[in-house]
Amino acid sequence: MSSDIAKADRALISRIEERDADALGLLYDRHAGRLLGLAHRIVGETGEAEEVLQEVFLWVWRSASGFDAGRGTVLGWLLMATRSRAIDRLRARRPALRAGLRAVETVPDAPSAQDVEADSATRQWENVCRSAIAQLPDEQRRALELAYFEGLTHQEISEKTATPLGTVKTRVRLGLMKLRDSVRPYLPPGTHGT
Amino acid sequence: MAHNERFEELVALRALGLPMGADGAEFARHLAGCPECERLLAELREAAATLSTTVVPLAPPPDLRRRILGSLTEAPRAVARPRPSIVPWMLAAAAALLVVIVGLDDARLRRQREELRSRTDDLSARLASAKQDLARQDLRARVLESDDVRLLFLGGKGPQPDARGKVFWSPKAKRGVLLAGNLAVLPSGKQYELWVFAKGKPVPAGVFDADSSGRAVFESRDLSAVDRAENFAVTVEPAGGVPAPTGPIVLVGTPS
């Protein structure tokens, strides 16, 4: 993520802490499309994804002071909150879903999907990320996607992919470290140890 | 905990929000004291977030933004004034809960922990406010209970003939506590100012406001420069006070 985007996001969080509702609206305008896409990818249902999005922004309104710039970017924080809530919902219904989870390689059908306008810095950042993901060995990418989008544990990934547990642990670890190495030069200061 | 592959595995698990099982508590303890691990966790969280770029963004329905912004007033505000006696208990309970859930890495518990942290911040602010209140009350109690305390009655004057007041003055503490009633609620930009007379001259003792029922309890600032308080008076002055009285006297007394 570019430093400019991260800096602008942090400024919005500071304004939200001061109870500036317009700042929350601006943060929504910047990231709601991405967050809704993520929530939909995880829960697979439009109405529920919108509920997740609403929960996340109300939580931001209440908890903006909990954001710690030393622990990552605002977008990373928002994505984590969205994913956490979406996976909670997925886990709650997992017994019924377990047998029928969709293939992780495919993007789900989105009834009203459309790309949200992104500025060039955002597009550049996304290209960096996609390139990093594309360079991962297939098995590492698949293990990470199962963990990230479906919240599967090592054990569950092992069972789902018929792979030894130790191998799954290694794939998740190596995959994430490689992603880190690829995007590290683009992370804003304070998010990495350099 | 050594910084080896196993450690990286645990950081990766945490970054992905996956259950850590029996290792969770040990990892949480280690993380709390290791800046290097904090940095790696932040980096791996950002790395995990890159996976979201493979998701197709969706345009939210047009009314969702309005619904969210419209519901903000229903969300709890960050700070509200509590009853002091209950705040330490609430803070202790919140802190105890925080301790209990540290090390647990289930996603729901983690989210609750984030929210609890936010509530703890709120409670810390409330506790600080309550401590200030208690400090003021302690100070007043010390003035009122000091063995040298003197009581002076103040009567209404000028524009507020029905105003009444008492000043408890401690020559040792060099502070006074004013209790007043029947005061008018002043317009914006005006405040009451208490004066203590020493060697025939008024010394500013601080500004205060009356509540909506015309009552005021006010503790003077430290008046250590005053050798002997000869009298007290209250005037109406510009907000923030002035070094010498300019407005009408509304309360004045005579030392007994």
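Which residues of helix α1 (residues 5–15) of chain B are buried? In this predicted model, the buried positions of the helix are L10(B), V11(B), A12(B), L13(B), R14(B) and A15(B). These residues pack against elements of both chains, namely α9 of chain A and, from chain B itself, α2 (23–32) and α3 (35–49). Just after α1(B), a positive phi of about 70° is found at G17(B).

The contact between the two chains draws 66 residues from chain A and 48 residues from chain B. On the side of chain A that touches chain B, two or more residues are contributed by each of α2 (21–43), α3 (46–63), α4 (74–92), α6 (120–134), α7 (138–150) and α9 (165–183) of chain A. The greatest contribution to this side is that of α2(A), which supplies 12 residues. By residue class, the side of chain A that touches chain B comprises 30 nonpolar, 20 polar and 16 charged residues.

The largest nonpolar core contains 75 residues, and the residues with the most contacts inside it are A39(A) and A147(A). Of this core, the largest share, 11 residues, comes from α2(A). When neighbours within four places in sequence are set aside, the contacts of A39(A) are A49(A), V52(A), L53(A), T82(A) and A86(A). In soluble globular proteins, nonpolar side chains tend to be buried together.

A further residue of helix α2 of chain A is L26(A). Why is L26(A) classed as partly exposed? Its C-beta atom has 17 others within 10 Å, whereas a buried residue requires 20 or more and an exposed one has 12 or fewer. L26(A) and D9(A) are separated by 17 residues in sequence, and their C-alpha atoms are 9.3 Å apart in space.

Confidence in chain A is summarised by a mean pLDDT of 80, with 80% of its residues at 70 or more. Over residues 96–118 of chain A, however, the pLDDT is below 50. In the model, this stretch has 26 contacts beyond near neighbours in sequence.

Chain B contains six helices and eight strands. From the N terminus on, its elements follow the order α-α-α-α-α-α-β-β-β-β-β-β-β-β. Of the 256 residues in chain B, 28% are buried. Among its contacts between residues at least 6 apart in sequence, 61% join residues at least 24 apart.

The strands of chain B form an open sheet of eight strands with antiparallel pairing, in the order β5-β4-β7-β8-β1-β2-β3-β6. Its edges are β5 (201–208) and β6 (216–219) of chain B, each of which pairs on one side only. Direction ignored, neighbouring strands of this sheet are turned by 25° against each other on average. Strands of a sheet pair through backbone hydrogen bonds, either parallel or antiparallel.

Within this sheet, strand β7 (residues 231–238) of chain B is mostly covered, as six of its eight residues are buried. Strand β4 (residues 190–198) of chain B runs antiparallel to β7(B) and is joined to it by eight bridges. In this pairing, T235(B) of β7(B) stands opposite E193(B). Three bridges, likewise in the antiparallel sense, connect β7(B) with strand β8 (residues 249–253) of chain B. A233(B) stands opposite V252(B) in β8(B), and V234(B) has L251(B) of β8(B) as its bridge partner.

Strand β8(B) lies between β7(B) and β1(B) in the order of the sheet. G155(B) is located in strand β1 (residues 150–157) of chain B. G155(B) and L251(B) are 96 residues apart in sequence, yet their C-alpha atoms are 5.3 Å apart in space.

Notes
Residues numbered from 1 in each chain as written. Chains lettered and ligands numbered in written order. Contact = placed C-beta atoms within 7 Å. Helix = DSSP H or I, 4+ residues; strand = E, 2+ residues; numbered from the N terminus. Nonpolar A, V, L, I, M, F, W, Y, C, P; charged D, E, K, R; others polar. Core = buried A, V, L, I, M, F, W, Y, C linked by C-beta atoms within 7 Å. pLDDT = per-residue confidence, 0-100. Pairing = 2+ DSSP bridges. Axes fitted to C-alpha atoms, helices over the stretch in contact; angles between N-to-C directions.
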